[in-house]
Every structure is written in C-alpha cells, then in structure tokens.
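Below are my notes on the model you sent.

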Protein chains: 2
Amino acid sequence: MKTQIPVLILIDGVPGAGRGKVINLLNEWMDSRHLENHTFWNPSDETMERPEYWRYWMALPERGKIALFFGGWYSQAVQKAIGGKAKGMKFESALADAVKLEQMLAADGMLIIKLFLYLPKDKYLKRIKKTGVDPLSCDEDISESDYDNLLKYYGKAIRMTDTSMAHWYIINSASEKQRNITVLELLINNLNNALNTRNNNVEHASSLPITNPLPMHVLDKVDLSVTIKPKEYTDMLKYYQEKLNGLTLKAFSKGISTVVLFEGWDAAGKGGSIRRLSSAIDSRIRKIIPIGAPTDEEKAHHYLWRFWRYIPRAGYITIYDRSWYGRVLVERVEKFATSAEWSRAYEEINTFESQLVASGTLLIKFWLQISPDEQLKRFQEREELKWKNYKITPDDWRNREKAPAYNDAIDDMMVRTSTDIAPWTIIPANDKHYARVEVLKTVYEKLKKRL
Amino acid sequence: MKTQIPVLILIDGVPGAGRGKVINLLNEWMDSRHLENHTFWNPSDETMERPEYWRYWMALPERGKIALFFGGWYSQAVQKAIGGKAKGMKFESALADAVKLEQMLAADGMLIIKLFLYLPKDKYLKRIKKTGVDPLSCDEDISESDYDNLLKYYGKAIRMTDTSMAHWYIINSASEKQRNITVLELLINNLNNALNTRNNNVEHASSLPITNPLPMHVLDKVDLSVTIKPKEYTDMLKYYQEKLNGLTLKAFSKGISTVVLFEGWDAAGKGGSIRRLSSAIDSRIRKIIPIGAPTDEEKAHHYLWRFWRYIPRAGYITIYDRSWYGRVLVERVEKFATSAEWSRAYEEINTFESQLVASGTLLIKFWLQISPDEQLKRFQEREELKWKNYKITPDDWRNREKAPAYNDAIDDMMVRTSTDIAPWTIIPANDKHYARVEVLKTVYEKLKKRL
C-alpha cells in the first residue's frame, strides 16, 4: 500500500558538527530517486527578489518524496538575529511564522523532522581549529565567539517551535559514529511511526511535549559572587525606599498600576526582599498576595483566575509572593499539572501578561537566584536557629533533591516567557543584602521610566 | 457521577430580540443555586480601572456552575467598533483575544455556548418602535440606523470566532415561542453532549465547521445598475491603459512587485477584464496564470504551492485568473476539499497574503459581481453564438444551480479574508465596459499610491 507521505528533514546545528556529512550519509543510504537535497546558502537573484518563504515553498517535497534541507527558516532567522537584523520581537515573530508554516504542512500530511546537531563548546573550538570552517558551508561569518550567540538563539528557537506536529531532536555530535547511528535510528523510528499512524488513521497528538532540551542553564551564567558592604547596604536601602515611596504615590495619582512578582529557589530570600520593598510603599495602595496551595474556590476555576482576582486597580500595586509561574514550576515537577496542561501554560501566561501590559500596567518579574551550597547553608541555619525553625519543612528538603527537574523547568520558563514586553529580571541573591537593594533599585528604575 | 463541568452561556443579539427575556426564562427553568447572571453594562470604577478582561475573569463560572453572560467580550468589541474606537485591525485583534480566552477556558474543561438572537431588519424596526429601547439594556446609544452596523460587526465576529471549542448559534427571534424552544433545545443538546463526551473521554474535534451563518450577503448590497457610455468607455480605457503602462515600468525600475487576482461568477467577464489590463502592461514584465484543475505535480503538493510558484520577482506582475480562493469556493462547494481542509484555509490564506504584503508586494484582489439574470443572459448568448460556444460547458449550468451554496461560501470568504492588509475590491460587472474601466482604474490608483 502506498501512503505517499511527503517527508521534510531539516538539518541544523553547530558548525563543525557534521551537518554536511550527515546529508551525504543519508544520500548514500536512501534511494536517490525519492530524495532531494536543498541548501539555502548563496541564494540567486531570483530568490532574493521574492518573499523569504518562496525559496522554501519551491523546495518542499511532493507526496511520497523526501527532502533534506541543509538549514532553512531557522538558520535564516538565527543568522539575522546574530547579525542584529532581527532580534527580540522580530526574532519571536519569525519563529511564529515558522510554526504557522509547519502547522500548515503537517495538517496537509507532511512528516517534519527537525535535527539539531549539537557540539559542546570545547569540542566545537577543537574541531573548528583542526579543520577550519568548511568553505561550502553557509557559516563563513560565524566566528568562534559566536558559539554562545548561536546556542542562545537556537535554544530559544528550539524551545518555542518544538511542537507535536514538528519535533526537534538534539543530537550530540561529539562522536561521529554515535551521531550517525542516532540520526539513522531516529529517522527509521519516525518513518515507521508515521506509516503506522497514517495507515491506522490515528490523529496527531495535540499536546506539546518538550524533548531533549538543549543545555541552556540560563541561570548558570549569573554571577553569584556579587556583594554589598553593610554601610552601603543601609544607605542604599534607605535611599531607594525613600525614592520609591515618592514615586509610588506619584504613580497612584496618575492611575498607573504595578504588578511585581517574585519567584526563586526555596530560601532565596523572597520574603526578606518583599518586606523591604513593601515597607517602602504606603500600605493603603499596595497588597501582598502570598501564593500557597489553592483554596477550594480557586481550584474550581481556571488556574489563572486566582491571579486575575488580585490585579490592582488604577494606581495600586500588587506584589505576588510566588505567582502563576507555579504552573510551569512546582506543578510541572510535582506532576500536579499534566504535561498537556503545563505545556500550553506558556502561551496562556504570555497572553495574560500581554493583556496586563496592554492595559497600561507595569509588570516586573523577579527571579531570585542562589547557589545550591548557599541554599544548604540557609536550610541548616533554619533548622538550628529556633526562631527560624518555622521556615523549614520536610518539603524543602524534598524539593532540593528535585533540583535537576526544577532546573529544566526554570530553563524552559525563562526561554519561553522572557518576552520583549515582559522580561525576567534575575537577581543574584547569595548575598541577601545585595538582592534586596537590587530589587528596590529595579522597581524604582522601571517605575521611573514608566512615569 | 459528578462531572463538574463549568458552563458559560454568552447571550448576544439584536436589541429587541429578547436577550433579557431569554435570561429570565433560563433563570426560571434552572436551579438558581447553580446559576449566576452577569451583565457588563454600567461598569463600576473598580472595573474600569482594570484590564478589560478582568471583569470577565471575575465572572467566570466555577466547575459545576452555569454562568449566563448578558453580552461580554463580543458586545464590548462590537460597540467599540461601532463607536469608531476600535475598527479594522483593532477589531480583528479583539476577536483574536476572544478566541485565545475561549481556547484557554475550553482546554480547561469549560463548555462555552454562544447565542446570537437575530431579528430581520423589518421586525427589528417594528419592535423597537413598539416598545422603545429597554431602559435596562446596555444599548441606549444604538439607534435604528445602527442595525446594519451591528449586523456587519457581529457578522464578522461570529464568522471569525465560530470554533469547535466554542460554537455560535444564530437564533431567529422573530417568534418569541420559537425562540424560546430553540434556545432550550439547544442548551439541552449541548449539555447532554458535553456530559457524554466527558464521561467517555472523547477529545474535542479540531476542525472548525461553520454553522448557521448570519445572512450577510455582502454582495447583495452591490449596486449593479452602474454603467458607462460607449464614448466614455473608449476614452477612459485608453487613458488608464496609457497611465498604467508608465506606472508599471516605473514599478519595475523600482523593484516593486504586484499580484492581481480575479475571482467572480462564471461569465462575469474576468477574461475580458484581464485582457484589457494585461495589454496595458509590457509583456516582458507580466505573466497571466489561469488556474484550472491542478496538474499531477501540483496535486502532489500543498494546495498553496501552485500559487507560490508564480509569485513575481522584484518589479514583475503576476495576474491570477482565479486563485487560491478556489479552496474556499469551488473546492468547498464541490466537496473536493474536506470541511476541515477548507475551514483552516482562511487562516492559511491570510498568512500567505500577509507574507506577500510584508515582503513589499502589492496585492490586489478583485471580485467581479453580476446578477443571476445577467449570468443567464450571457450563458444563453454563449450557446447561441457559435464563436462564443467554446466558452460554455455543462459545468457552467451545474454551477449555476449551486448558487445558494456558492453564496454562503462567498460570504464566508469575504468576511474572513477581507483583512486590513489585503481587502477585496468588488467590481459591479453587469456592464462589462464599466467593469473593465473600474479594474484598470483600481490597479492604477493602488499602484500609484504604492510608488
């Protein structure tokens, strides 16, 4: 029986990871009558004079054929972003275009497989040094130092466009043999799956599972060694508290609302920072909402309902001690939410936040970051000091053991919800005093800019 | 067994159609302990000072409860559009927000039923005259003459937001008794369905069927009596052809591309108009693409592929004689495309056109409109005159019999694809000469504006 599935294999990756070699290998293994190769480097006049997507449409496989794309819409978008031509919102909208196209094609029956050949930085540097950049590759202008940039943008692209219609697969290409075997196994599995699914008329799954995330570890790059001297701390605290007091009253009189939310590891110092922040603001115009387990009434609604409840009216300030991000952090890790639920939450959260911002509300999102060692120290202190004892529970220790799962969740959260209109502010919090001042300073500066 | 479905019933409609009465009726029939009523007229300070959607979120039903909304996000959007505050793109983006919210809620398990109580214009005018506007309704500022506007915006809203997750039901409310019975039957069916579906864990359907469209008949409003005198025709034709010739050469030298597409009833005069248009343009820079049955190669690709093929390079002009709109016209009516396929085509077409326009291409979409009588006259002429005989086939007669189905399809197409960036130009074509001059004039003016 002929199923006539068109298959698109997109091959992206780090230069030197062997994209060309993989394509050559696939050409060797597969029947060339049903296989087409397309590279998008060195575009002709014909191509440059048409809308960008024209070149891809013209290269799409017919039913029953397989097309290998060396690069494509992602490499184009990433290169533009690195070149500074389309960063931020423009990069996000290029990714949204890619998802739209893939949805269109998948709905029409196309099997889309997206490969990212990954090399750790040290291997990359070694390989580039040894072989030089391939003269046939489209990456002539990607220098050593661009590795980080490349990973940053591909990381975002992969996380935002990994859909059930068109999965990304990250392939560690440090070993050539292992890389080839992984690619082949993966293609065989995907093709078999597609054939089974089509023949049995099974529908596409509709959830959006996240597979094999690229090791981003956004938070690993935070410098936690920053500190502040006691005298400076007292002065700065007083300075920003006074400034902020005046500014919040001005915002009140102008009817400009503010939402501040705090997330961070257990014992990162959220409570202390919130106390210093809130004591700077007249208590008549601010409200602190601690987010714990939901009430019965809250459980009976959509999870965003409990946060909508406390959205401030004009001029007021709501401080959320933990927030809607619980959906993609604790609820994900503890499996309180199904994978379909937390997967769609990123988009729901982005929609929610964009409505807030569009209505004129100032939204500030803090992540308080501490090192595992610092956390351990604080936990032990809490157990030893009687007056801090109430702050530590067996749950805290259990959560600590789940740090790897939390790290994945935090990574996804940062990448998928750091939008241009509502970016995260990451606060290094190993030094509590430093963190408190940074929080005050950030709120002050953002509010000042808004007024 | 308790299924605990939250149910949201949105009641919109023409003033005087009995929205209040339906709500009172439902309150009488249902257990008031599980029922909540919400109107959104006369909002408090509290409400006005928060993002618009706050008021709706606060009114959403808990699991197991039913909420009746008298108006809501649609009536808000329509009123803003009528008041001139949010027309065009803003209105479309308000509708997109509504869909996002409904998707979120439906994914969370909410049953959403949207009712539009419809009154034909004559009944509306009679009822308003007799009773005056209800002092409790939120429509104090809707005058008689606003009926057309109301229908226009609700028509668009209903067509763009009728999803499988949240259907619209149009209820003819000319007879009170009939209206009440329809509403009750509809609610019973929907609730029964929801209970069955949830208990059997059946997934939501993913296609977007269009139900009970509001009688819009966009094309009925076109004045087909317009004509042009022979002398004027000859003069104007020559004038615009010469002007256009110069302009297209200028566009060529500037690298600005143009896409012109023609749709319309059989025998509406597309061919004649295209000949007059194309003869104004240097044949080296324009191409005419007649769209008939797809070739084997075209069939083997996504349906948009055959149109992407001929997208002009910089400075060139492509004229499509029939176009991608075949997907939602002939393919829909003749059932060449499944309902899932043509339903998703509107969005695919809008995406495609927005990519064209974003890349700098000028896109002009013509609909040539003739009356059924004029069509009949032309068909008969074609059968009688030997040299026109080749133009008429049994298919034409068959299509003519399907006019009602085509009318629905055209209505949907006009409403769903008349976007701000790519509006339709409707040409009254009962007088062929008039139509030809109008086409030339439109292309000339749009191109002039673009240069």
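1. The model is predicted. A salt bridge links Arg313(B) to Glu49(A), with 2.7 Å between the closest N and O atoms. The count of salt bridges between chain B and chain A is two.

2. Polar contacts across the interface of chain B and chain A come to 20 residue pairs, both residues being at pLDDT 80 or more. On the side of chain B that touches chain A, the elements giving two or more residues are α2 (45-48), α3 (52-59), α5 (88-107), α11 (296-299), α12 (305-308) and α14 (339-358) of chain B. By residue class, that side of chain B holds 18 nonpolar, six polar and 16 charged residues.

3. In total, 40 residues of chain B contact 40 residues of chain A. The two chains bury about 4000 Å² between them, and carbon and sulfur atoms give 56% of this area. Within chain B, the most area is lost to chain A by Trp57(B), Trp308(B) and Arg313(B), which together make up 17% of what that side buries.

4. Chain A has an open sheet of five strands, in the order β7-β8-β6-β9-β10, with parallel pairing. β7 (286-290) and β10 (424-428) of chain A are the edge strands, each pairing on one side only. Neighbouring strands of the sheet are turned by 20° against each other on average, direction ignored.

5. Pro290(A) has Asp321(A) in β8(A) as its bridge partner.

6. Helix α18 (residues 432-450) of chain A lies across β6 (258-264), β9 (362-369) and β10 of chain A. The helix runs at about 165° to β9(A).

Technical notes. Residues numbered from 1 in each chain as written. Chains lettered and ligands numbered in written order. Predicted model: local features only at pLDDT ≥ 70, side-chain atom pairs only at ≥ 80, totals over all residues. Heavy atoms only, no water. Contact = heavy atoms within 4.5 Å. Buried area = accessible area lost by both parts, 1.4 Å probe. Salt bridge = Lys/Arg side-chain N within 4 Å of Asp/Glu carboxyl O. Polar contact = N/O pair within 3.5 Å; in protein donor to acceptor, adjacent residues only side chain to side chain. Helix = DSSP H or I, 4+ residues; strand = E, 2+ residues; numbered from the N terminus. Nonpolar A, V, L, I, M, F, W, Y, C, P; charged D, E, K, R; others polar. Pairing = 2+ DSSP bridges. Axes fitted to C-alpha atoms, helices over the stretch in contact; angles between N-to-C directions.
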